[in-house]
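This report goes through one protein chain step by step, from the whole to single residues. Please keep the sequence and the structure in view while reading.

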Amino acid sequence: HLPHNLNNELKKTNKYIKDKNNLYRVLKEVFINTNQSLCKTPLIDTKYSGSTCVTIILTKNKIISANAGDSRAVLGRYDSTQNKWVSLDLSRDHKPNDKDESERILKIGGRIEAYKDENGGDLGPPRVWLQQEDIPGLAMSRSFGDEVAASVGTISEPEIKEFDLTVDDKFIVIASDG
């Protein structure tokens, strides 16, 4: 849904590409609207399931990254002065224990803690839970769907970052563990 929705919005006017603030607003709206339409689709069960997303827009001299969740985009750059490859993160994983993410979740009434083993010890990464129940156990703080987690602060709004392209930029890896 997202590529189709974004393409439709960007086709409406070329001003979106030229005006950074307009482009960022459109990206945020498309992510949020896509989430809402997925949650209303009866054939998709979004109560306990969802998806993360990272989107890259390339312009002549810029890379714009829009990310919700823990899918990742990384730029491969060849540093000819040091004769080596370097990587540049184009997105940030949205984890429940990040300060800005945890503040939102806790304010809305969520709980953040790792899954507990049989002895009460932490097992795995911090997760988003309902205050009084051990559901949904989401290990990221932004996503599409995941309606139970959204009720306690997970959001679909993307974080948007912008980078200047250089002649040394050779490739982008866009990945998900899902």
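## How to read the model

This is a predicted model, in which local features need pLDDT of at least 70 and side-chain atom pairs count only at pLDDT 80 or more, while totals for chains, interfaces and linings use all residues. Residues are numbered from 1 along each chain as its sequence is written, and side-chain values use heavy atoms, with hydrogens and water left out.

## The whole chain

The protein chain has five helices and eleven strands, where helices (H or I, at least four residues) and strands (E, at least two) are DSSP runs numbered from the N terminus. Along the principal axes, its C-alpha atoms fill a box of roughly 55 × 45 × 30 Å. Of the 178 residues, 39% are buried, a word that means under 20% relative accessible area, whereas exposed means over 50% and partly exposed lies in between (1.4 Å probe, protein chains only).

Contact means heavy atoms within 4.5 Å, and among contacts with a separation of 6 or more, 55% are between residues 24 or more positions apart.

## Helix α3

Helix α3 covers residues 20-40 and has 21 residues; from its first C-alpha to its last it reaches 30 Å, close to the 30 Å expected at 1.5 Å a residue. That expected span is 1.5 Å times one less than the number of residues. The buried residues of α3 include L23, V26, L27, V30, F31 and T34. An α-helix has 3.6 residues a turn, so residues three or four places apart point the same way.

C53 lies in strand β2 (residues 53-58) and is buried, with a relative accessible area of 13%. Not counting residues up to four places away in sequence, C53 touches L2, F31, A66, N67, A68, S71 and F144, and F31 is also one of the buried residues of α3.

S91 sits in the loop between β5 (84-89) and α4, and it counts as buried at 4% relative accessibility. A polar atom of the S91 side chain lies 2.9 Å from the backbone nitrogen of A73. Residues up to four places away in sequence aside, S91 touches several others, among them V54, N67, A73 and K161.

E101 belongs to helix α4 (residues 99-108) and is buried, with a relative accessible area of 0%. Its side chain makes a polar contact with the side chain of R104 at 2.8 Å; a polar contact is a pair of N or O atoms within 3.5 Å, where within protein one must be able to donate a hydrogen and the other to accept it, and residues adjacent in sequence count only if both atoms are side-chain atoms.

## Backbone details

Which two residues does a cis peptide bond join? The bond joins I135 and P136, with omega about -5°, and P136 is found in strand β8 (residues 136-138).

N83, although it is not a glycine, has a positive phi of about 55°; N83 lies in the loop between β4 (72-79) and β5 and counts as exposed at 57% relative accessibility. D146, another residue other than glycine, has a positive phi near 50°, and its place is in the loop between β9 (144-145) and α5 (147-150). D146 is buried, with a relative accessible area of 6%.
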